[in-house]
Each structure stands twice: as C-alpha cells, then as structure tokens.
Amino acid sequence: MSGSLLVVATPIGNLADISDRAREALKSASVIACEDTRNTGNLLKLLGIHRPLVSNHGNNEKEVAAALADRVAAGETVAVVSDAGTPAISDPGFRVVRECRRRGLPVSPIPGACAFVAALSASGLPTNAFAYHGFLQPKSAARIRFLETVAAQSEITLVLYESCHRIGSFVAEMAEKLGPDRVICVAREVTKLHETILVGRVADLLPKMTGNNLRGEFVVIIAPKDFAL
Ligand code: SAM
C-alpha cells in the first residue's frame, strides 16, 4: 500500500497566504523535503508544526528523489516544499515528482502562492496565452538573444524571473531591443510590505528602474507585441 507525495506551496512573502490545506499537509507528513532546512524550520516554527526535515536542493535532488520515492512506496506521506512559492517552479521538486510518477505513486498538489501567477493576475496584461521562461541565462548576450529572437515577435505574454542585480540593465535592454512602446510589467516584492507593480510602456518604466538601490525580488512580464494599454 503506497503513501503519497504532497507538493505543498508556501507563501512568497506574506505568511497569511499559507492555506489550511498546506498546514494540514505539513502536519500529516512523516517527513518534509525542503530546499533549506533553516528557512523551512522557521516557517514551521511560525506555524507551530514539528515534523522531521530532509534537505532537497539543486545539488542533492537526484539522490534524494529516489530515497523519498522509496518512502512513498513504503506507505509514508512525504511533503515537498521549497523556500517560497510552488515547488518545481524554478525551484527543487521536479525530480521527486518525476520519480514518483515513473513508479506510478500518488502525487497531489497543495496549491498556493506562485510569484509569477500572482504578478500576472494583477498586471492587466493578457492572460489568455502566455509562456513562462523562469530565469534567463545570467549573461547579457543570452538575454539579448532572447529579446531579439523570442520577445520581439511574441504574440503571447512572456513571464520571467529576474534578480535585483540585473533588473535595471534588463529593462534598459528591453527598451533597446523591443522599442519604447512595448508594454511591460515589473512586479516587485509581491505580497510583501514594499509591493510595487509597475505597468506601462518600457520607455515610461525605464527611468524608475535605474540606480543601484533596486532591491527585492522581481517578476518581469512582457506583453504581446501589438498590445496597447
Ligand atoms: N517557486 C517560486 C514560485 O512559485 O514563484 C519561485 C522560486 S525562484 C527561485 C525565486 C524568484 O521568484 C525570485 O528571484 C523572483 O524573481 C521571484 N519571486 C519570488 N517571490 C517573489 C515576490 N514576492 N515578488 C516578486 N518576485 C518574486
């Protein structure tokens, strides 16, 4: 008799976004696989939940996936979380889910916060068709290639994650490669105290995105090429 793997979303900044189902899932798990045991330990402390943790991050995910799937096969409930948001979305989680699927073991999502879905839903940019590209390559040449080959002609909305170190230069690159009139959204610190969601022509947003004091976490959304506000 097999147990199940629960893919549990956690808040992206505002603790109140934890769902009742997520609390129950974390409480019911015999083990919680997490990206960083300190981060998840702090979250569990705030929620008053005491469960064993195992670390599941970029470097050990392959080996840990098999061990976690063994536990599911043996009848345990295993929860997988990441530091924030939905596991497996630009975060660890994919490998253990795939391993359980390969073995025909039950996997259930416990949905909740996801930064790009939250930003997209509040952007006013088209949501009927979009492509999520996660983090682009850090090198400027790769990001410019993406802008020239994918974004310039895109007829659907494009969604990306970008770091605070590159957000200023990326907006400048968008202005150059996509033209001043392309509509974009830059969503910063979504659900947090300093949440800022800017939507407009890239030329209008560019002056707000310069300087060295751009801190926090960012989602970038690029509207389809012919979209006007
Ligand atoms: N799994 C997560 C999710 O469901 O959104 C994404 C994890 S990814 C490693 C982290 C990136 O997501 C950040 O660098 C940032 O680009 C974006 N992000 C996470 N939280 C955010 C927030 N509160 N506001 C804006 N962007 C956020």
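In what follows, Ala, Val, Leu, Ile, Met, Phe, Trp, Tyr, Cys and Pro count as nonpolar, Asp, Glu, Lys and Arg as charged, and the others, Gly among them, as polar. The structure is a predicted model, in which local features need pLDDT of at least 70, side-chain atom pairs count only at pLDDT 80 or more, and totals for chains, interfaces and linings use all residues. Residues are numbered from 1 along each chain as its sequence is written, and side-chain values use heavy atoms, with hydrogens and water left out.

**Exercise 1.** Describe the largest cavity and its lining.

*Solution.* Step 1: on a 1 Å grid over the protein atoms alone, a cavity is a set of points where a 1.4 Å probe fits but cannot get out, whereas a pocket is an open set with protein on both sides within 12 Å along at least five of seven lines; lining residues have an atom within 4 Å of a point. Step 2: a volume is the space filled by probe spheres set on the points, which are joined across faces, edges and corners. Step 3: one cavity of 30 Å³ or more is present, and the largest cavity has a volume of about 40 Å³. Step 4: its lining includes D17, I18, S19 and A22, and divides into six nonpolar residues, three polar and one charged.

**Exercise 2.** Characterise the largest pocket.

*Solution.* Step 1: the volume of the largest pocket is about 480 Å³. Step 2: 25 residues line this pocket, and A84, A115, F135, Y161 and E217 are the closest to its centre. Step 3: twelve of the lining residues are nonpolar, five polar and eight charged. Step 4: domain 1 (4–110) and domain 2 (115–222), with bounds from an automatic or database domain assignment, each give at least three residues to the lining.
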